[in-house]
Amino acid sequence: MCGIIGYVGKAEAAERLIEGLSALEYRGYDSAGISVFTKESKLLTLKAEGRLANVAAKVEACAETRGVHCGIGHTRWATHGAPSDRNSHPHGTELLQLVHNGIIENYADIKEELLNKGKTFLSDTDTEVLAVLLSENYAQMGDKLGAIKKTLSAVTGSYGIAIAFADDSTHLYCARSGSPLIVGVGEGENYVASDITALLRHTRKYYQLREGDIAVVSEDAVVITDKNGDPADLPLETADWDVQAAERGGYPHFMIKEINEESETVKKTLNTRIKNGLPDFEAEGLDINMFKDLERVHIVACGTAMYAGCVGKCRFESYARMPAHVEVASEFRYAPPLFGKGDLVIIISQSGETADSLAALRLAKECGAHTLAIVNVIGSSIAREADNVLYTWAGPEISVCSTKAYTVQAALITLLAAAAGVARGTVTEEEAARIASCLHDELPLAIEKIINNADPIKAAAKALHTTQSMFFIGRGSDTYLASEGSLKLKEITYTHSEAYAAGELKHGTISLIEQGTPVVSIANDPRMYEKMLSNIREVKARGAMIIAVCAKDAEDIIKVADHWLEVPALRSDIAGIAAATSLQLLAYYLADDRGLDVDKPRNLAKSVTVE
Ligand code: F6R
């Protein structure tokens, strides 16, 4: 999604802005731009469709951008109006320039009113409407804060905004509601940013603005007021992510770097949650005994986080013997709320800012359910608003495609389900200890083994070089893993694929299998080997190319397979988490083989803050 950066200080502002935007590229964008105050204190705006390099080239070619010390910048992910130079941010008038993340829902009505008053617009964006309305209010009131408040009270939707007023080259103004925004605090310089990764080279100290906060930022001061206009007493936070963690560290892509971090981050995530060999969530204030009386669990998330939720569903059902429903956040929100007091709603999110997941959390709270967030980004909206939060310690995930976040989410929710099983008396302490040790010790080793023996995965990826359509199949929890593998593949290789419960294929879809159609066949559950073998034979008989994902004891499946991606021997209820790494690598090597932009797949955004 869109990224915001603002700088005021002694350094070259244009350089800092481009550098910050470059760190935000991972969020996904299709155009970018900056506005800086020139030496004559005039606001100069440069923007361009496409890669940030296009704006950087304009900056390089423009002498007026040098020796300047204050400005704002933006990477845009199009919502209103196609990606183009004129729709890129910043937007504004002769009075101000503004960058915006989020959506102004009532922009059409406001635009009509402004058009009726004779105002003109240069773009198709909702953001320009905000900028023109703010300019009008400022022209009338002559008071910057007053005009900002009046403008924001007239709009509905979500926003994180940074504003440079043309008559004040030493201050930036910013505000948030719905879209995250931070103010970074440096030495003799301060920043505004949509996330901390933009600032890590220069500072790790920041204020996380709350809903309705407005901040005025100068070189040596940050003044923040809350939605009532009172001073906001926000803690100065310190990011524990370092530049190293947010940079590629010698890997060709963030995605492969992040896959390589999986084993370490699983250990880090589980370390403090295993005491005396048993799952233990007491230190985080989670009353595990609440599971005793629960009738069911709702798990709500989007995309890959939702598939990690499916791992949780299977484990809550098998360990804790309780029904667990996984729901897509964007649907959960609008379905009749069949939950309330006495129910537990678990929200899973890497970013902690996904708009639909956040709205689902708020709905669950409104209905009286207890909410538990499994989140990666510390201090994110979902983390702050849930009744309990369990952080996944995956560190920054920069590649748009989620990999290590999935692995740690799946491992953590499995541990949680084991703890719930102990509380409900459906899992013995001995069994819970075995699950914990497998997750903490054996799973990381298995992941490392897969990464270090990737040749068969690379060979399978090569065989898929010209493939345009393929299938992923599995049974039981492998069905969900098939969906996650298919999502990864679609996302970064642009190959159409479908995931199916292996036994369901013959009820229609098998008609699509023809000579050479690749079918990734996942078989982690020994109880299902025979059934999977039959399903694999069914598609093989129709010409399918089988890429088997299974342990070496699934000998008959391996015999039928054209490619075999080995899953190291692990308990079958945990093997799927390791097998996910093979599927991530398959997608990665295919995308790389095709020369695609692995970390920034087309049309996608890292943090989906629109609904
Ligand atoms: C896929 C992917 C997305 C995210 C989804 C939820 O690789 O990254 O499907 O998993 O957008 O995002 P979070 O976890 O930030 O809520």
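Which side chain has a polar atom 2.7 Å from an oxygen atom of the ligand? That is serine 351. Before we go on, a word on the model. This is a predicted model, where local features need pLDDT of at least 70 and side-chain atom pairs count only at pLDDT 80 or more, while totals for chains, interfaces and linings use all residues. Residues are numbered from 1 along each chain as its sequence is written, and side-chain values use heavy atoms, with hydrogens and water left out.

Back to the ligand. Threonine 354 has a side-chain N or O atom 2.5 Å from a ligand oxygen. Lysine 488 also puts a polar side-chain atom 3.0 Å from an oxygen atom of the ligand. How much of the ligand does the protein bury? Taken alone, the ligand exposes 410 Å², and 90% of that is buried by the protein. Those accessible areas come from the Shrake-Rupley method with a 1.4 Å probe; for residues, only the protein chains shown count as cover.

Now the shell. There are 13 residues around the ligand, and Ser349, Gln350, Ser351, Thr354 and Glu491 come nearest. Near means that a heavy atom of the residue lies within 4 Å of the molecule or strand. By class, the shell has 4 nonpolar, 7 polar and 2 charged residues. Here Ala, Val, Leu, Ile, Met, Phe, Trp, Tyr, Cys and Pro count as nonpolar, Asp, Glu, Lys and Arg as charged, and the others, Gly among them, as polar. Helix H10 gives the largest share of the shell, 3 residues. Helices (H or I, at least four residues) and strands (E, at least two) are DSSP runs, numbered from the N terminus.

Next, the pocket. The ligand takes up the space of the largest pocket. A molecule sits in a cavity or pocket if more than half of its atoms lie within 2 Å of its grid points. On a 1 Å grid over the protein atoms alone, a cavity is a set of points where a 1.4 Å probe fits but cannot get out; a pocket is an open set with protein on both sides within 12 Å along at least five of seven lines; lining residues have an atom within 4 Å of a point. The largest pocket has a volume of about 590 Å³. Grid points are joined across faces, edges and corners, and a volume is the space filled by probe spheres set on the points. This pocket has 31 lining residues, and Gly303, Thr304, Ala605, Lys606 and Val608 lie nearest its centre. H17 gives the largest share of that lining, 4 residues.

How many cavities of 30 Å³ or more are there? The structure holds 3. The largest cavity has a volume of about 120 Å³. Its lining includes Tyr307, Arg315 and Asp573.

Last, the backbone. Histidine 89 and proline 90 are joined by a cis peptide bond, with omega about -5°. Serine 41 is not a glycine, yet its phi is positive, about 60°.

Conventions. A polar contact is a pair of N or O atoms within 3.5 Å; within protein, one must be able to donate a hydrogen and the other to accept it, and residues adjacent in sequence count only if both atoms are side-chain atoms.
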